[in-house]
Amino acid sequence: MEPFGARLQSAIERRGRLCVGVDPHPSLLTGWGLSDDARGLAAFAGTCVDALAGDVAVLKPQSAFFERHGSAGIAVLEQFIADARERGALVLLDCKRGDIGSTMQGYADAYLDPASPLAADAVTVSPYLGFESLRPVLDTARVAHAGVFVLALTSNPEGQQVQQAHTAGASVAGAILAAVAAENVDAPALGSVGAVVAANLPDVRENLAVNGPLLAPGFGAQGGSVADLRRIFAGVEDLVLPATSRAVLAAGPDPQLLRSAALRTVGEVKSIHVPSVPAPTRP
């Protein structure tokens, strides 16, 4: 199997630059006319696979909304991962795990070991117990040719309390991004260790040239626009992977409308490579 970075690059070339979050909030299940239980969850997940997995480069199920339904919800998540990958989508499991030692290895085995029923193409992790606490996940991902997305600059305003704090002359987020770049230093193309950098941030001063994918949540319903993508990721546009959830899922439950919303968004984000043209000034 090719490394995750190479597979992601190929998927973007074939399907466009978009990650769709699959977040079955209780209100969304109800809005789709589904029951807020494992049965409704399974119907929701199946519709998302049918509508999106054949066309979208990356699907990002949020583990928490499956876990809240207990073992039956985990079973739905297992099936979703298997079905989406079978249809050709890469699956990024959004679980933001962060721990140490053997416990972190347990998470790595659960989400990245090909023998696990929950094995995904990539996983999100939190580095705020220290970047090296992620070593079990990073090492397991390398062996499994999987990807890892490390939280760096997140979309929630509370994150700035830690991420924008400064130590030894650099922000915490800047140090995390530098560590991500070091993991990708020998990657022949796009590296397999990425970072999470939100698309709705007012200002980004850190170096984003990490030679790995930059997952950009906060695009769409959370306020991030194409103009924000151009502003934040100027010079590293080829690394960015915009992520949206509500802006696409609100089109459901009709599969064709879901697919159309996703493809329309793919078309919109193509323009991040096109410089904004300033309006002409009057003499």
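The model is predicted, so local features need pLDDT of at least 70 and side-chain atom pairs count only at pLDDT 80 or more, while totals for chains, interfaces and linings use all residues. Residues are numbered from 1 along each chain as its sequence is written, and side-chain values use heavy atoms, with hydrogens and water left out.

## The barrel

Eight strands close into a barrel, in the order 1-2-3-4-5-8-9-10, and their pairing is parallel. On average, with direction ignored, neighbouring strands of this sheet are turned by 30° against each other. The helices and strands named here are DSSP runs, numbered from the N terminus, with at least four residues (H or I) for a helix and at least two (E) for a strand. Two strands are said to pair if DSSP finds at least two bridges between them.

| Strands | Bridges | Residue pair |
|---|---|---|
| strand 1 (residues 19–22) and strand 2 | four bridges | V22 and P61 |
| strand 2 and strand 3 | two bridges | V58 and L90 |
| strand 3 (residues 90–97) and strand 4 | three bridges | L92 and A122 |
| strand 4 and strand 5 (residues 147–153) | four bridges | T124 and F149 |

Strand 4 (residues 122–125) is covered on both faces, with A122 and T124 buried on one side and V123 and V125 buried on the other. Here buried means under 20% relative accessible area, exposed means over 50%, and partly exposed lies in between, as found with a 1.4 Å probe on protein chains only. Strand 2 (residues 58–61) is also covered on both faces, where V58 and K60 on one side and L59 and P61 on the other are all buried.

## Helices between and upon the strands

From strand 4 the chain crosses through helix 7 (residues 135–144) to strand 5, and this β-α-β crossover is right-handed. The term right-handed means that, with the strands pointing away from the viewer, the path from the first strand over the helix to the second runs clockwise.

Helix 6 lies across strand 3, strand 4 and strand 5, and runs at about 160° to strand 3. Helix 9 (residues 172–183) packs on the sheet, where it touches strand 5 and strand 8 (193–197), and its direction makes about 160° with that of strand 5. For such angles, axes are lines fitted to C-alpha atoms, for helices over the stretch in contact, and the angles run from 0 to 180 degrees between N-to-C directions.

## The nonpolar core

A nonpolar core is a set of buried Ala, Val, Leu, Ile, Met, Phe, Trp, Tyr and Cys residues joined through side-chain atoms within 4.5 Å. The largest one has 94 residues, and V197 and F233 have the most contacts inside it. Helix 3 (residues 38–52) gives the most to this core, with seven residues. When neighbours within four places in sequence are left aside, F233 is in contact (heavy atoms within 4.5 Å) with V197, A198, L208, L214, A216 and V240.

## Residues in the loops

Q62 is found in the loop between strand 2 and helix 4 (63–67). Q62 counts as buried because its relative accessible area is 14%. The side chain of Q62 makes a polar contact with the side chain of D94 at 3.4 Å. A polar contact is a pair of N or O atoms within 3.5 Å; within protein, one must be able to donate a hydrogen and the other to accept it, and residues adjacent in sequence count only if both atoms are side-chain atoms. Not counting residues up to four places away in sequence, Q62 touches V22, D23, D94 and K96.

Most residues other than glycine have a negative phi, and most peptide bonds are trans. H145, in the loop between helix 7 and strand 5, has a positive phi near 60°. N211, in the loop between strand 8 and strand 9 (214–216), has a positive phi of about 55° although it is not a glycine. The peptide bond from G252 to P253 is cis, with omega near 10°.
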